[in-house]
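Me: I would like to go through the terms applied to this model and the values behind them. Please set each value against its definition.

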Amino acid sequence: MKKIILSFVMITSLAYGQGTPGRTFFDSQIKTPGVTDFVKYGNLSSTSYTGELRLTIPIVSIPIPGQNNFNISADHIASGFRPSKRNGLIGQNWFLNMGGAITREINGMADDQKGSPQQNGGTAHYTNGTIVGVATKTHNAANVYNGVAGTSYTSAYMEQYLYANSTSNMSDPQNYESDPDIFSFNFNGISGKFYMGNDGQVKTITNEPEKLSVDLSQFAFQEIVNPTGCLPKVPSRIIITDSKGNKYYFGGETKNLEYTVNAPITQNPNARPVINAWYLYKIEYYTGYVLNFNYRDDSALTTSFADDDFVRHGDYYPAYSGNLPNKRDFLVLSEFYSDERSLYEVNGSFPGTGQTGGYSAASLRMSLQKIAILDNIEGEDFKIVFNYSRQNHKFNTRDNPSLPSSNGSFFNDFIDIKLDEISVRNKSNVVVKNFLFDYDYFGGSLHSRMFLKSIKESGKPPHLFEYYPTGTLPQPITFGIDHWGFWNGKAANSNPMIPNVNLQANGDFSYPGDSNSTSRNPSFTYALKGQISKITYPTGGYSTFEYEEHSYGKRLECRSVNDFVPQLYDVNDIAGGVRIKTISDFDGISSQNINIKNYTYVSSVGTAGSSGVLLKWPRYVSTWTSGNTRFSYLRSNPIGKNIMETPHITYSEVIETTPGNGSTRTRFTDFVSNPDINSSRFINANSWANGATPSGLAKNYAGYYLNDASIERGKPLWIKQYDNSNNLKQEISFEYNQSANRFNDYTARIHTTGPFIQFNKIYSYQDYVSKKTTKTFFQPNASIDIVEQMQYDPAHNHLISTTYTASESDIVENQYTYLTIPTENLVLKSRQKTLRNGVKLSEEEIQYGNSSNAATGFKYLPIKILSSKFPNSNPTSGGQTVLDLKFSFDKYDAKSNPVQVSENNGKSTVYLWGYNKTKIIAKIENATFPQVASALGISETQLLSYDESQSVSINALRQHINMQNSMITTYSYVPLVGLASIRDPKGTASTFIYDRINYTLRYVLDNDRNIINEYIHHYKN
């Protein structure tokens, strides 16, 4: 077979795109590390599935009345050293997990762009993005996908365009693309994705059962006809409401946005800033509690802060004077070199002497981002303040002054900021907890990186972090990187970024094995640099981490045997980055391990084959012919634009072994068990598609898209637990959405790739657990089996039944009914029935107030809880058994706290709330709310506003003549710390004393101030 060796020595790096040689280009897809890690963290269902080590260091946890706690943690993902990855706010591979954010992957053109036709994949032009377009005209997904004639699809040629009202002109101002952006979200324990459907409805996919409403009514269109220079149009706001009625507000003002200026304004007046992230700035809980995330004011940035002259020479910031510090902290410049080459030949044999043309674009690329800086988080009873300073290291460094435009941008001299301190304060602004962050700089004097050294809570020993030696680290734009962007130690300024390949006549390729063909090969030695090796905990105990190189037994790639459609092939090799091998825990008292976990990634027990599945295998060179013309494309980064946010390798099976305690083996759903679906439709975009050979390579120019089934992957298929003798002790297996109709829930996607237009599907079905089988073995081949089956309501994604079947065929079923309020996006469980073998055992009902009920504050809050066991002799009404009343909630305050609760015997209890209505300050049994108000000589409205400042009056109720039959317990608190005192119905007090430095409990005192309990906290050293 004829083979051609292609050899190139190019200045290239991590981004690719087309353009004119010598120009400076901006890449709008690059995001800051805090955003990419935050999204990646939210989308990982298990890190064993990817082999990555994931760590969480809890920092702050504050109760929110009636809701989940608000938490802040420092999280870490150890995947390998990437030279281009910035340090972030708290060091390499660390990020703060707090609040929330929405990011997006831009497909084609940004969904919010309005106007300015733009090239997409080399052929078709569109006027508007998807979200802009569907605001004017929607489509049926099946019509779009199948090319049904009748409105816009009167010919194959016209199918490449989606028109709003016209089919005559591709530059129609109502023309829009149909390749929607994919938005990812992670907030308050809720993560998933959404995108705009052909029908104008937002499609949401959540990782856990949840019904979300996404409001884009304030999602500003970025208009080209009315530009705002380097600033995006605002408000660009996204509001998400969960099924509890809580509202989450993202973006809005520019200070809450992260965006990229995607081209110098002087070179392209129609360039628009591209928003990459919308940060959570407010939570309005349904109960009325509000949590605000306040970001630093960015109004110092004007509409021309990123003009080309300013980017290169800094004319906008003369002499580092004025309010420069107020501007520079917001801006992050990342640099890349890219090489994309397009060649064509007519009447010649490649590489022949015929007529040639095309372009060569080895160019400097930049990602100039405006970031959002969180100053504080403010609740109704607390405030969390963040303090920053500049890092001790300038990220944009180079060691070869001969490189093009070396340090030519003024922004190169900007130094990123770092987080120094988090302080938690009460409403009196008293610091209750304080956390200090300290850092080390490793990697040499020129190209050092920042690593998190310690996190220390005041009054306590710190968390300490150690890392594998870095040696001398490379410049961020080093050419010494592997296929996936990890450091491989090759020459920083001359390593070929497009390796030599043997290109076969049928379009397949291989690497000949010379030094230039291995230039992008991975190196575990260099990827290991700077990975976390040890954590020492405040107690003195510590954990150590050992890694190994990634390996795989299957690889997703495009070959001629399958017409270059992506498919898995059996290939054994290694991949870039690192995976966890061993975690060892020590108590810090002796040198003996107290726990060891070893991880192996094999396809079956007792074999050496890897269970790894490589999902991203690059193709640097493609060539195809049409008639007497040959087209060739060379790219330095063919992997894809979201390599930082999605895993490049996954593992089908992982074994976790604990010496002396057996092992756990997990099989995951992955591309082997749940592959993407190839059911695409192609049409010709231009005449070059006629006779294109191999057509599969031509279709791969911008990407051959399969129907994405990734929602089904990364979940446990089964988990098996073995004892030390390798006897199977328990097996848990899982099934997920098995409905054949799930693939009917899709949006049609259109994108151009080379001379073709591809139509494929984006699915939006949910994939929750539908069946769980637990087998517990008490002897070989003998087990006790329990089968749990779950059904969900597709309208709101909540459970409507769970069925438990035991080995002896005993069936227990729970049935759930919900009250749904679409206007509030509320899904409230209203009834639960439990049946055994079809016979009802019990039933519970919750009745709710509504928007007309003053007692519940005109909200849908519980007013009655009823339940009964069966059989019983209760009367029936309307064919339903009348259930026994257990509790009634007679009255609520403005924060949805119950202030009077009655039992079925008529006995009522009054609750008074203080500390901004977050804590119970009095429990008054055998009394009604009006009786308490009367005894205090005030109105019920005044009583609703009572708080801890009226504690003397409340305690005096014990002596009131009208309250003699009531039992009164009162409480006081140290805000954000805990109980300060409890006074029981007899008036006897217990007092709690806390350490004034770290606010840990030290003493409990009795009514006479005698110590009845003392707590002494010992830390090692």
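Me: Why is serine 801 called buried?

Reply: Serine 801 has a relative accessibility of 7%. Buried means under 20% relative accessible area, exposed over 50%, and partly exposed in between (1.4 Å probe, protein chains only). Serine 801 therefore counts as buried. The model is predicted: local features need pLDDT of at least 70, side-chain atom pairs count only at pLDDT 80 or more, and totals for chains, interfaces and linings use all residues. Residues are numbered from 1 along each chain as its sequence is written, and side-chain values use heavy atoms, with hydrogens and water left out.

Me: What makes up the surroundings of serine 801, not counting residues up to four places away in sequence?

Reply: Serine 801 touches Gln789, Met790, Gln791, Glu813, Asn814, Gln815 and Tyr816, where contact means heavy atoms within 4.5 Å. Serine 801 itself belongs to strand β46, residues 799-806. Helices (H or I, at least four residues) and strands (E, at least two) are DSSP runs, numbered from the N terminus. The protein chain has 10 helices and 61 strands.

Me: How much of the protein chain is buried?

Reply: Of its 1021 residues, 55% are buried.

Me: How do you know which residues have pLDDT under 50?

Reply: pLDDT is the predictor's confidence in each residue, from 0 to 100. The protein chain averages 84, and 83% of the residues score at least 70. Over residues 149-169, however, pLDDT stays under 50, although the model has 54 contacts beyond four places in sequence for them. Residues 349-356 also have a pLDDT below 50. Where pLDDT is low, the predicted coordinates should not be read in detail.
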